[in-house]
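Here's a quick briefing to read with the model open beside you. Take a look at the sequence and the structure first.

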Amino acid sequence: MSRVAMLIDESICMGCRGCQVACKQWNDLPAEQTTQSGTYENPPDLSAVTWTRVRFTELDQGDRVQWLFLTQGCFHCGNPACVEVCPTGALKRDPELGIVTVEKDLCNGCGYCSQFCPFSIPRLDTDVLSGEGKAFKCNFCQDRLSNGLIPACVKTCPSGAFAFGDREAMLGKGLGRVDLLRQAGFPNANLYGEHEMSGLGRLYVLKERPSLYGLPENPQYPAMANLWQNVVQPLGSLAFGAAALAVLGFYFVSRRNIKMEEVE
Amino acid sequence: MIGNRVRGVQEADETGAVRIRWIPKYSAMERIFHWGHTVTFLLLAMTGMILFFPFLRPLARGDGGQLIRMTHRAAAIAYGALPLIYVILEPRRAWMSLKSVFKVGRYDIEWVKGMIPYYMFGRHEAMAPQDRFNTGEKLNAVIIILGSVVFAITGLVMWFGKGFVPIGVFQALVILHDLAMIVTVCMFIVHFYLAVVHPLMWAGLVSMRYGVTSAAYAQEHHALWYYGKDRAEEIYEAHKAERGEDKK
């Protein structure tokens, strides 16, 4: 099978949050205790036990208010920084399907994935003091996929906003919807994720500019991750090797030249 | 003669055996601080490296990795607390040492010039008089002190600020923490070599273990400390003049 993608048409989404519930149910995640904050949006953010959630944005357009829904979750980047920076190999990208998963048993809770993700997707349940915990995020229902099923959120969506399958097909479908939306009075409609981060596995059909949905307009692979892995880490090995070698060399030179019998 | 040649005071008893006159150099607190610092530094370096070197990946994994990360944090508390406790216990001595390691003078430059001939070929004649800490020891102290400050600031923010500080800042902190590690561990390798391995430097390890150094060694290596500034300079200048005449 080739690379898969999830296409979410945010012009169809009605904000029912069925996907949130299905995700919790399938992945056996507990509900969160939250407080009413004056919005239908709930819980307030992604967390170690909330891997997908609908973000509600109220867009004030003068005479009317437009409600923008965005089903947040892992983007399954083509070039995932989290996988690159993970020191344990717990995060990996399936070379075939392109899905990015966390192997819980390998994770040690360091949290680098959460700090290098350009979308701030991985979340930790770590204890602040001891640092014990694990990283969690959407894995496109890896267990369902490997058994020929589609992700729980896609399966459950009553409005038909979700589609899932071969990435090329999803791109074609998404671009078709964007064309339709543009003709239907949404001149800013766009498909998010076609090229970002070497192509995302989570594609959005958006009615407005991505920034209005709270998405980065131009997400970049973090330069710091490159610097860290391609410069600082080799520099470390090089510096230690050079220091040890120099010291060893000095040792032999001084052993040859310094006669302790003469000194003492 | 213990403590090397040239200007040492020969002290032998009637049987002709060399008698070493020991003088105090490091206080008990100073030594406990030094060794506590050593142990915690090495523990931190070893536990921290599992997240740094890709080849240590098997150690970083799962519960074992979690335990190592926790050990890193526990050791960090001790590492940070030690200098603070030491400063409270011996404030005057700590201040004196701190002042002296950050003081750079012309003898430090001369010391650096004479470093290679001395450490590699044993030529001690050119070495400028040194205080209680010589230039190399001062450089080691300065790098470790500054490195520790970087470790403490970046480490505390990464420990308690995850999720609060912007991710760009966090990423920069990871890199700073690692750079400080590279610099200090390289310094440690050199320090270990000079203190433990180098044949001429035996006295440093003795004084860090027992708190004393031989008077002859102190005269040779720490003249400013042993004789005081004026006398040490007098001896140094006289010796330089003598050597100058030898050459002619």
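This is a predicted model: local features need pLDDT of at least 70, side-chain atom pairs count only at pLDDT 80 or more; totals for chains, interfaces and linings use all residues.

Residues are numbered from 1 along each chain as its sequence is written, while chains are lettered from A and ligands numbered from 1 in the order in which they are written.

**Where the chains meet**

- Chain B puts 40 residues into the contact and chain A puts in 38; residues are in contact if their C-beta atoms, placed from the backbone, lie within 7 Å.
- On the chain B side, α2 (57-60), α3 (62-89), α5 (106-121) and α7 (167-197) each supply at least two residues. Helices here are DSSP runs of H or I with at least four residues, strands are E runs of at least two, and both are numbered from the N terminus.
- α7(B) gives the most to that side, with 15 residues.
- Sorted by class, the side of chain B that touches chain A has 26 nonpolar, seven polar and seven charged residues. Nonpolar covers Ala, Val, Leu, Ile, Met, Phe, Trp, Tyr, Cys and Pro, charged covers Asp, Glu, Lys and Arg, and the others, Gly among them, are polar.

**Helix against helix**

- The axes of α7(A) (residues 223-257) and α7(B) come within 10 Å and cross at roughly 5°. Axes are lines fitted to C-alpha atoms, for helices over the stretch in contact, with angles running from 0 to 180 degrees between N-to-C directions.
- That crossing makes α7(A) roughly parallel to α7(B); the label goes to angles under 35 degrees, with over 145 called roughly antiparallel, 65 to 115 roughly perpendicular and the rest oblique.
- By class, this α7(A)-α7(B) contact has 22 nonpolar, two polar and one charged residues.
- α7(A) also meets α5(B): their axes come within 7 Å and cross at roughly 70°, so the two helices are roughly perpendicular.
- A:Phe250, A:Val253, A:Ser254 and A:Asn257 of α7(A) make that contact with B:Tyr119, B:Met120 and B:Phe121 of α5(B). Five of these residues are nonpolar, two are polar and none is charged.

**Domains and sheet of chain A**

- Chain A is split into domain 1 (1-219) and domain 2 (223-263), with bounds from an automatic or database domain assignment. Their centres, taken over C-alpha atoms, are 47 Å apart.
- Four strands of chain A form an open sheet with mixed pairing, in the order β8-β1-β10-β9; strands pair if DSSP finds at least two bridges between them.
- β8 (162-166) and β9 of chain A each have a single partner strand, so they stand at the edges with one side left without a neighbour in the sheet.
- β1(A) (residues 4-9) and β10(A) run parallel and are joined by four bridges; A:Ile8 has A:Tyr204 as its bridge partner in β10(A).
- Helix α6 (residues 167-183) of chain A lies across β1, β8, β9 and β10 of chain A, at about 140° to β8(A).

- The peptide bond from A:Asn42 to A:Pro43 is cis, with omega near -5°. A:Pro43 is in the loop between α1 (18-27) and β2 (53-60) of chain A.
- A:Cys141 isn't a glycine, yet its phi is positive, near 50°. A:Cys141 counts as buried because it has 23 C-beta neighbours inside 10 Å; the cut-offs, with C-beta atoms placed from the backbone, are 20 or more others within 10 Å for buried, 12 or fewer for exposed, and in between for partly exposed.
- A:Met197 also has a positive phi, about 50°, without being a glycine. A:Met197 lies in the loop between β9 (190-192) and β10 (202-206) of chain A.

Notes
Two residues are in contact if their C-beta atoms, placed from the backbone, lie within 7 Å.
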